[in-house]
Amino acid sequence: MKEAARLERNTERLTECFSPFAGVLRTVLDEMESQGFRPRIQHAWRSEAEQLDLFKAGKTHVKFGFHNTVNAGGGKESLACDVLDDDQPLNSRTNYLLALSIAARAHGLETGIVWDLKAADAAPVEAALAAHNLGAPVRLGFDPTHVEVKGVSIAAARNGTRPTITGVGAGPAPVASPPPVPAGAPPASGHVHVVTSGDTLGRIAKDNGITLARLLELNPEFKANPNLIKPGQQVHLP
Ligand SMILES: [Zn+2]
């Protein structure tokens, strides 16, 4: 898929999702892109009839799932997305799938990467995820491109319960005006970006044409938890 079409598709598919889920998934996509991957949301919301067809074809284990949830008015409100490797959409690469699960879990989401695996096969996958070892020779589970919310059952979600989603990108937060730069602050060698609501380090890096790793070199204070930035914080740029 051409890059512009991929980006447009992702933005369009995110509109089919529960808004806070869309926000946090956008952050996951940004982080994947900052690592050089090209994630494509293949499916977000789908109808119960489509779900039933997939169930009959053995592509899903449930007749109603997180792809099928709707809001009180019946509008699309998916709590899951299938995110393919656009560089190899028919057979997403293992390194891509491991990176997707790492990014998803870092933002409180879950994937189907260990679903249906025996414990002996799941353990090396968990070890690769914990070690961020994208090159591990592992056997993956039933549905590694599937990304879903945590903290709510499908039955509860069907009845309108929604999970609390926290973290960067989790929906619009009120933006406080950035605090003034203290008079005695050391002068930065390059530019400074003041964080606003919805920013991620991955996106800031991309917008400025540098890698996330380079950004973290310039801002070592974020290394401990690159996913936690707050409006008003300063990010140094080259
Ligand atoms: Zn799915």
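Student: Which residues in α2 meet which residues in α4?

Tutor: V28, E31 and M32 in α2 meet A99, L100, A103 and A104 in α4. Two residues are in contact if their C-beta atoms, placed from the backbone, lie within 7 Å. The model is predicted, so local features need pLDDT of at least 70, side-chain atom pairs count only at pLDDT 80 or more, and totals for chains, interfaces and linings use all residues. Residues are numbered from 1 along each chain as its sequence is written.

Student: What makes a residue of this contact nonpolar, polar or charged?

Tutor: Ala, Val, Leu, Ile, Met, Phe, Trp, Tyr, Cys and Pro count as nonpolar, Asp, Glu, Lys and Arg as charged, and the others, Gly among them, as polar. The contact of α2 with α4 accordingly has six nonpolar residues, no polar ones and one charged.

Student: Why are α2 and α4 called oblique to each other?

Tutor: Helix α2 (residues 19-34) and helix α4 (residues 94-106) pack at about 135°, their axes being 9 Å apart. Axes are lines fitted to C-alpha atoms, for helices over the stretch in contact, and angles run from 0 to 180 degrees between N-to-C directions. Angles under 35 degrees count as roughly parallel, over 145 as roughly antiparallel, 65 to 115 as roughly perpendicular and the rest as oblique. The two helices, α2 and α4, are therefore oblique.

Student: What makes β1 and β3 edge strands?

Tutor: The open sheet has four strands in the order β1-β2-β4-β3, with antiparallel pairing. Two strands pair if DSSP finds at least two bridges between them. β1 (39-43) and β3 (110-112) each have a single partner strand, so one side of each lacks a neighbour in the sheet.

Student: How do you know that β3 and β4 pair?

Tutor: Three bridges join β3 to strand β4 (residues 143-148) in the antiparallel sense, and the pairing criterion is at least two. The bridge partner of E110 is E148 in β4. On this sheet packs α4, touching β1, β2, β3 and β4, with its direction at about 150° to that of β3.

Student: How do you know how confident the predictor is in this chain?

Tutor: pLDDT is the predictor's confidence in each residue, from 0 to 100. The chain averages 89, and 90% of the residues score at least 70. Over residues 169-177, however, the pLDDT is below 50, and over residues 184-188 it stays under 50. Where pLDDT is low, the predicted coordinates should not be read in detail.
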